Amino acid sequence: MTTTYELRAEHRPAEVGRRVRRWHIAHTHRLKGWCGRLLDPVSDVRPITHAPVVEQALRCPDCWRLFAAGRAFPPWSAGNRAS
Ligand SMILES: [Zn+2]
């Protein structure tokens with residue numbers, strides 16, 4: 001199985017550079033998180049395998065709820081299977 005998801009950062013300006021406000025889960029090469037938020041094309045990216053070790057405070061609650069539920073697709077995806 002190929003990894004088709006990744007973690008994408010939502011940034012906020014900082015004194016120097018930028019800081020991560022929150023991590024979202026998104027499909028690779030898509031700029032929309034599972035929660036539906038549009039993400040910056042130049043945001044930081046981490047592999048989806050890092051999802052369990054992301055600091056609790058920096059997790060997008062909606063994205064992680066779907067991740068924990070083992071959903072293969074976010075609710076807004078056309079490929080979503082209802083059940
Ligand atoms: Zn999110």
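**Terms and values in the model**

Analyst: Aspartate 62 lies in helix α1, which covers residues 61-68. Helices are DSSP runs of H or I with at least four residues, strands are runs of E with at least two, and both are numbered from the N terminus. The model is a predicted one, in which local features need pLDDT of at least 70, side-chain atom pairs count only at pLDDT 80 or more, and totals for chains, interfaces and linings use all residues. Residues are numbered from 1 along each chain as its sequence is written.

User: Why is aspartate 62 called partly exposed?

Analyst: A residue is buried if 20 or more other C-beta atoms, placed from the backbone, lie within 10 Å of its own, exposed if 12 or fewer, and partly exposed in between. Aspartate 62 has 17 other C-beta atoms within 10 Å, and is therefore partly exposed.

User: Which residues does aspartate 62 touch, not counting those up to four places away in sequence?

Analyst: Aspartate 62 touches Trp34 and Cys35; contact requires C-beta atoms, placed from the backbone, to lie within 7 Å. Aspartate 62 and cysteine 35 are 27 residues apart in sequence, with their C-alpha atoms 5.4 Å apart in space. With the same exclusion of residues up to four places away, cysteine 60 touches Arg22, Trp23, His24, Gly33 and Cys35.

User: What makes histidine 29 count as exposed?

Analyst: Histidine 29 has 7 C-beta neighbours inside 10 Å, and therefore counts as exposed. Histidine 29 lies in the loop between β2 and β3. Its phi is positive, about 70 degrees, although histidine 29 is not a glycine. Most residues other than glycine have a negative phi.

User: How do you know that β1 and β2 pair, and in which sense?

Analyst: Two strands pair if DSSP finds at least two bridges between them. Strand β1 (residues 5-13) and strand β2 (residues 18-27) have 9 bridges, in the antiparallel sense. Within this pairing, tyrosine 5 stands opposite histidine 27, arginine 8 opposite histidine 24, and arginine 12 opposite arginine 19. The hairpin of β1 and β2 has 4 residues between the strands, and glycine 17 takes a positive phi near 70 degrees there.

User: How many bridges join β1 and β3?

Analyst: β1 and β3 pair over 3 bridges, again in the antiparallel sense. The bridge partner of arginine 8 in β3 is valine 45.

User: What makes β2 and β3 edge strands?

Analyst: The open sheet of 3 strands has the order β2-β1-β3, with antiparallel pairing. β2 and β3 (45-47) each have a single partner strand, so one side of each is left without a neighbour in the sheet.

User: Why is a group of residues called a nonpolar core, and which residues make up the largest one?

Analyst: A nonpolar core is a set of buried Ala, Val, Leu, Ile, Met, Phe, Trp, Tyr and Cys residues joined through C-beta atoms within 7 Å. The largest has 8 residues: Leu7, Ala9, Trp23, Ile25, Ala26, Trp34, Cys60 and Cys63. Both β1 and β2 supply at least two residues of this core, and the largest share, 3 residues, comes from β2.

User: What pattern does the protein chain follow, and what share of it is buried?

Analyst: The protein chain has 1 helix and 3 strands, in the pattern β-β-β-α along the sequence. Buried residues make up 14% of its 83 residues.

Conventions:
Two residues are in contact if their C-beta atoms, placed from the backbone, lie within 7 Å.
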